[in-house]
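The report that follows goes through one chain from its overall make-up to individual positions. Please keep the sequence and the coordinates at hand while reading.

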Amino acid sequence: MTKDSLNVARTLYQQGQDAFAGGRYREAVEQFEQAVALAQATTSLGGEIQTWLVNAYSALDRETDAIALCEVLSRHPDLETRKQGKALLYILQAPKLKRPSNW
């Protein structure tokens with residue numbers, strides 16, 4: 001990975017975070033996917049980006065993609081990323097609670 005590609009990855013990552021914060025989840029997914037390709041998925045930065053990508057997938061109701069990525073992250077070389085992947089997987093696979101009809 002070159003220094004230039006790392007800088008581009010960080011820029012795309014920031015743009016993805018901004019899009020996510022603004023509710024533009026499709027745009028966020030595009031930015032995160034491009035960023036992780038440049039940062040390399042197995043790096044610490046790549047793991048961090050993919051964690052955000054899980055949340056963007058979930059926001060778009062792409063639960064299957066989110067769960068599949070969490071399963072990959074739970075085996076990531078970076079310990080913190082593994083922990084986050086497992087925690088997100090637990091949340092995504094938790095049973096959905098029924099809401100009372102008057103809510």
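Is Gln-40 buried, partly exposed or exposed? The model is a predicted one, and in it Gln-40 has a relative accessible area of 38%, so it counts as partly exposed.

## Overall make-up

The chain contains five helices and zero strands, and from the N terminus on its elements follow the order α-α-α-α-α. Along the principal axes, the C-alpha atoms occupy a box of roughly 55 × 30 × 20 Å.

Of the 103 residues in the chain, 35% are buried. When contacts between residues at least 6 apart in sequence are considered, 50% of them join residues that are at least 24 apart.

## The nonpolar core

The largest nonpolar core comprises 24 residues, and within this core Phe-32, Ile-49 and Val-54 have the most contacts. Two or more residues of this core come from each of helix H1 (3–21), helix H2 (25–39), H3, H4 and helix H5 (79–93). As background, nonpolar side chains in soluble globular proteins tend to be buried together.

If residues up to four places away in sequence are not counted, Phe-32 touches Tyr-13, Gly-16, Gln-17, Ile-49, Trp-52, Leu-53 and Ala-56. With neighbours within four places in sequence left aside, Gln-17 is in contact with Phe-32 and Trp-52.

## Packing of H3 against H4

Helix H3 (residues 44–59) and helix H4 (residues 63–73) pack at an angle of about 155°, and their axes are 8 Å apart. Because angles over 145 degrees count as roughly antiparallel, H3 is described as roughly antiparallel to H4. The crossing in which H3 passes H4 is left-handed.

On the H3 side, this contact involves Gly-47, Gln-50, Thr-51, Leu-53, Val-54, Tyr-57 and Ser-58, which meet Glu-63, Asp-65, Ala-66, Leu-69, Cys-70 and Leu-73 on the H4 side. Sorted by class, the contact of H3 with H4 has seven nonpolar, four polar and two charged residues.

## Packing of H4 against H5

H4 also packs with H5, at an angle of about 145° and with the axes 8 Å apart, and the crossing of these two helices is left-handed. From H4 the contact draws on Glu-63, Ala-66, Ile-67, Cys-70, Glu-71 and Leu-73, while H5 contributes Thr-81, Arg-82, Gly-85, Leu-88, Leu-89, Leu-92 and Gln-93. By class, the contact of H4 with H5 has seven nonpolar, three polar and three charged residues.

## Loops with positive phi

Which loop holds Gln-40? Gln-40 lies in the loop between H2 and H3, and its phi is near 75°, a positive value in a residue other than glycine.

Asp-61 is located in the loop between H3 and H4 and, although not a glycine, has a positive phi of about 60°. The relative accessible area of Asp-61 is 66%, so this residue is exposed.

## Charged positions

Glu-33 lies in helix H2, and with a relative accessible area of 33% it is partly exposed. Glu-33 and Arg-82 are separated by 49 residues in sequence and by 19 Å in space, C-alpha to C-alpha.

Where in the chain is the place of Lys-98? Lys-98 is in the segment after H5, and at 82% relative accessibility this residue counts as exposed. From Lys-98 to Lys-3 the separation is 95 residues in sequence and 49 Å in space, C-alpha to C-alpha.

Terms used:
Residues numbered from 1 in each chain as written. Predicted model: local features only at pLDDT ≥ 70, side-chain atom pairs only at ≥ 80, totals over all residues. Heavy atoms only, no water. Axes fitted to C-alpha atoms, helices over the stretch in contact; angles between N-to-C directions. Helix = DSSP H or I, 4+ residues; strand = E, 2+ residues; numbered from the N terminus. Parallel < 35°, antiparallel > 145°, perpendicular 65-115°, else oblique. Left-handed = near helix turned anticlockwise from the far one by under 90°. Contact = heavy atoms within 4.5 Å. Nonpolar A, V, L, I, M, F, W, Y, C, P; charged D, E, K, R; others polar. Core = buried A, V, L, I, M, F, W, Y, C linked by side-chain atoms within 4.5 Å. Buried < 20%, exposed > 50% of the residue type's maximum accessible area, 1.4 Å probe, protein only.
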